[in-house]
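Subject: A structure for you to explore

Hi there,

Here is the structure I promised to pass on.

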Amino acid sequence: VVAETLEGRLADTEVLEQGFGPAAAGLFSQVQRVQIVACGTSYHAGLVARYWFEEHAGLPCDVEVASEYRYRKHVVAPGTLFVTISQSGETADTLAALREGRKLGYLATMAICNVPESSLVRESDLVLMTRAGPEIGVASTKAFTTQLVALLLLVVALGRHHALEAGPAAEMVAALRGLPRALEQALELDGEIARLAELLVERQHALFLGRGLHYPVALEGALKLKEISYIHAEAYPAGELKHGPLALVDAEMPVVAIAPRDDLVEKLKSNLQEVRARGGTLLVFADADARYAEDSATRVLTIPHCHPLIAPVVYTVPLQLLAYHVAVLRGTDVDQPRNLAKSVTV
Ligand code: F1P
């Protein structure tokens, strides 16, 4: 579905709908809201997608961790599509949430998943395969970026039945077509990122900051760092700094900021000044046009400008590489982190 779409036939949403099977076309026009449920990295993909559903498709979207979903009562609004996201399709909490959801009167269930023969795929009404290939490491990486692409396509397909006009839909697909090149450019930053990793390797803690839909990207950057390097890392929406986390910032606390060029950049800059004023080392992952100045404690990784729609995918790759290089420098097992399992089936 993804390939056919990007090859140029998406403008009519039929290609996508056909990919979901015969049930999809009739259902998509009935969807009034979206409930996403997932764990870990897959949950972060859902958090990014919430911004897209509401901004581009005009559909309200809720996102909840699957490990909590089944332990509370739910009021299901009519026309709600229940979407699970999982690399493995076997995560026990996500599967349990799906089984619970199936009893609750959702319009339909959809799995966004990487493993065709998984339980999640078998038990869902609709399926969108990510086809990321096998994930070798425990920590999800390409699963995340492909989930984001799948979710964007879903936003376009559903949005065309709601608030998304043909012009903006075509523009979104054009932006997606720019993704392979933008990712190649991001991968070319590998050497520079390896040098930035040296700034984190001796540290015990790190803060990640983002605004808007780059807050969930910051969450994912922090998760990757803690999963594979065992550095304690937390992510906050940048505006939340002054509501608590700023108390943690001193010369020992590096701060990684995700700063693509968008209308929130000026706000982010003032948040980062608060960090600098307290002696914190700053690593800023920024768009070339955002013009962040380097100084003795501020390092800027300049990421080639890309369309804002694909920026969450593009900015994720340098964050994954940062975690990877820090882990390699610390000598941890990048593929098999301690205490973690690829599929959490219990
Ligand atoms: C969810 C997840 C992964 C994480 C680790 C443990 O898995 O939290 O995001 O990297 O592998 O499980 P899944 O439901 O996406 O397979």
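**What I found**

Glutamate 100 is partly exposed, because 16 other C-beta atoms lie within 10 Å. For that label, a residue with 20 or more other C-beta atoms within 10 Å of its own is buried, one with 12 or fewer is exposed, and one in between is partly exposed, with C-beta atoms placed from the backbone. Please keep in mind that this is a predicted model, where local features need pLDDT of at least 70 and side-chain atom pairs count only at pLDDT 80 or more, while totals for chains, interfaces and linings use all residues. Residues are numbered from 1 along each chain as its sequence is written.

**Around helix H6**

Glutamate 100 sits in helix H6 (residues 92-102). Helices (H or I, at least four residues) and strands (E, at least two) are DSSP runs, numbered from the N terminus. Leaving aside neighbours within four places in sequence, glutamate 100 is in contact with Tyr69 and Arg70; contact means that the two C-beta atoms, placed from the backbone, lie within 7 Å. Tyrosine 69 is 31 residues away from glutamate 100 in sequence, yet their C-alpha atoms are 8.8 Å apart in space.

Which residues of H6 are buried? They are Asp93, Thr94, Leu95, Ala97, Leu98 and Gly101. Their cover includes strand S1 (33-38), helix H5 (66-69), strand S3 (80-86), strand S4 (108-113) and helix H7 (119-122).

**Two domains**

The protein is divided into domain 1 (2-177) and domain 2 (183-330), with bounds that come from an automatic or database domain assignment. Their C-alpha centres lie 27 Å apart. The contact between them takes 15 residues from domain 1 and 17 residues from domain 2. On the domain 1 side, helix H4 (40-57), helix H8 (142-159) and helix H9 (166-177) each supply at least two residues, and H4 gives the largest share, six residues. That side divides into 10 nonpolar, five polar and no charged residues. Here Ala, Val, Leu, Ile, Met, Phe, Trp, Tyr, Cys and Pro count as nonpolar, Asp, Glu, Lys and Arg as charged, and the others, Gly among them, as polar.

**The ligand**

How many residues surround the ligand? There are 16, and the closest are Gly40, Thr41, Ser86, Ser88 and Thr91. H4 gives the most to this shell, with three residues. The shell divides into five nonpolar, 10 polar and one charged.

**Inside the protein**

The largest nonpolar core has 119 residues, and those with the most contacts inside it are Leu151, Val155, Ala257, Val284 and Val314. Such a core is a set of buried Ala, Val, Leu, Ile, Met, Phe, Trp, Tyr and Cys residues joined through C-beta atoms within 7 Å. This one draws at least three residues from each of domain 1 and domain 2. Beyond its neighbours within four places in sequence, leucine 151 is in contact with Ala45, Ala49, Trp52 and Ile112.

Strand S6 (residues 205-210) is largely enclosed by the rest of the structure, because five of its six residues are buried. Six bridges join S6 to strand S7 (residues 232-237), and the two run parallel; strands pair if DSSP finds at least two bridges between them.

Finally, leucine 321 is in helix H14 (residues 311-330). Leucine 321 counts as buried because it has 22 C-beta neighbours inside 10 Å.

Enjoy exploring!

Note on methods:
Near = placed C-beta within 6 Å.
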